[in-house]
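This report goes through selected helices, strands and nonpolar cores of one model. Please keep the sequence and the coordinates at hand while reading.

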Amino acid sequence: MRFELSALIDPQLLSLVEESREFYADRPPGRGPAGVSELLALRETMPEPAECWPPPSVETVSAGGRSVPVRIHAPISRPAAGVLLEIHSGGFYLGSAADSDVRNRRLVNALGVAVVSVDYRLAPEHPWPAAPDDCETAALWLVENAEQRFGTTRLVMTGLSAGSTLVTTTLVRLRDRGIFAFSGAVAECGTYDLSTRTPAGRLIADEYFLRAYAGHAPDRTAPDISPIFASLEKLPPILMVVGAEDILLEDNLAMAARLVAAGVEVDLRVYPASPHAFTGHPTSMARAALEAIDSWIRERLSAEPLTAPSVGIWS
């Protein structure tokens, strides 16, 4: 079969390319901090997270002998159609669950779901495995308590950038425990080779977040750090979303290939004229991507969780 990048792009999106290029013309790519001093200075300048209404409940949940703070957004005056476990972005060293409040309340209103957002610990103060430990804790709590707390056992996981990396490692950890409670996961512009051993990984070899998060690890090809090296069998269906101009595009293509080879159902969608984390920007391309994500989540919430792998690539 012929396989081209253009086959992963919905032709209807091409009409939005000019608008996207105009939006990004005066918006040069950002650069992450080069070391701990720049990181601390950047944290000081970060604006307060935008508030949403109603505000989420802030709780500490426990499972497996560990505890983690979460922010819970629930529907008003109606039962939840399912629960999303959301893992925020920020390169493992920035951000918080509160940064996702507006985004998560939109999901509640659009889909009628509850959203549980994990306030995982950040590097370099809390390097790997703190973040995946916290995400696993929240996932285990949700598996154990979703029905009683939210009246549903329909679960989907979602993450953006570093959050997508943590989504993948969390799914692998659950699979290794024999837990298949999540019926799907959305992974937006994740980074999957933190070892920089693959050609795709080498493109970000000079990024400080790699050292901050896992610089102490003797081998960053450990699957719990770089999930592209993991055994990926029996994971639930995954929607992968990435911009065609994202430096992580090749990493996402490589991860999609490994997932498909492992028998995982993958819906890989590439958005033209779009850089890293483009769904957070006020463009028509971003709105199209968010609408597609909403539709995919609705479909997965109506499906039963997988207990065995299935083969294919969704488009």
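The buried residues of helix α1 (residues 17-25) are Val17, Ser20 and Tyr24, where buried means under 20% relative accessible area, exposed over 50% and partly exposed in between, with a 1.4 Å probe and protein chains only. Seen down the axis of α1, these residues fall within an arc of 65 degrees, so they line one face of the helix; the arc is that of the directions from the helix axis to the C-beta atoms. The buried residues of α1 pack against α9, whereas the face turned away from the buried side carries the exposed residues Glu18, Glu22 and Ala25. Helices (H or I, at least four residues) and strands (E, at least two) are DSSP runs, numbered from the N terminus.

## Basis of the values

This is a predicted model, in which local features need pLDDT of at least 70 and side-chain atom pairs count only at pLDDT 80 or more, while totals for chains, interfaces and linings use all residues. Residues are numbered from 1 along each chain as its sequence is written, and side-chain values use heavy atoms, with hydrogens and water left out.

## Helix α3

In helix α3 (residues 101-111), the buried residues are Asp101, Asn104, Arg105, Leu107, Val108 and Leu111. Viewed down the axis of α3, they fall within an arc of 155 degrees, so they line one face of the helix. What covers them includes the strands β2 (66-73), β3 (83-87) and β4 (114-118), together with helix α9 (284-301). Just after α3, glycine 112 takes a positive phi of about 70 degrees.

## Strands β7 and β8

Five of the six residues of strand β8 (residues 266-271) are buried, so this strand is largely enclosed by the rest of the structure. Strand β7 (residues 238-243) runs parallel to β8 and is joined to it by six bridges; two strands pair if DSSP finds at least two bridges between them. Within this pairing, glycine 243 stands opposite tyrosine 271 of β8.

With helix α8 (residues 249-261), β7 and β8 make a right-handed β-α-β unit, right-handed meaning that, with the strands pointing away from the viewer, the path from the first strand over the helix to the second runs clockwise. The loop between α8 and β8 holds valine 264, which is buried with a relative accessible area of 0%. Valine 264 and proline 237 are 27 residues apart in sequence and 6.1 Å apart in space, C-alpha to C-alpha.

## Nonpolar cores

A nonpolar core is a set of buried Ala, Val, Leu, Ile, Met, Phe, Trp, Tyr and Cys residues joined through side-chain atoms within 4.5 Å. The largest one has 73 residues, of which Leu142 and Tyr213 touch the most other members. Helix α4 (residues 130-150) gives the largest share of this core, nine residues. Apart from it lies another core, of 26 residues, among them Val17, Leu111, Val186 and Tyr271.

Leaving aside neighbours within four places in sequence, leucine 142 is in contact with Val83, Leu85, Val116, Phe150, Leu155 and Phe182, contact meaning heavy atoms within 4.5 Å.

## Serine 164

Serine 164 lies in helix α5 (residues 162-176) and is buried, with a relative accessible area of 0%. Not counting residues up to four places away in sequence, serine 164 touches Gly159, Ala187, Glu188, Cys189, Gly190 and Tyr192.
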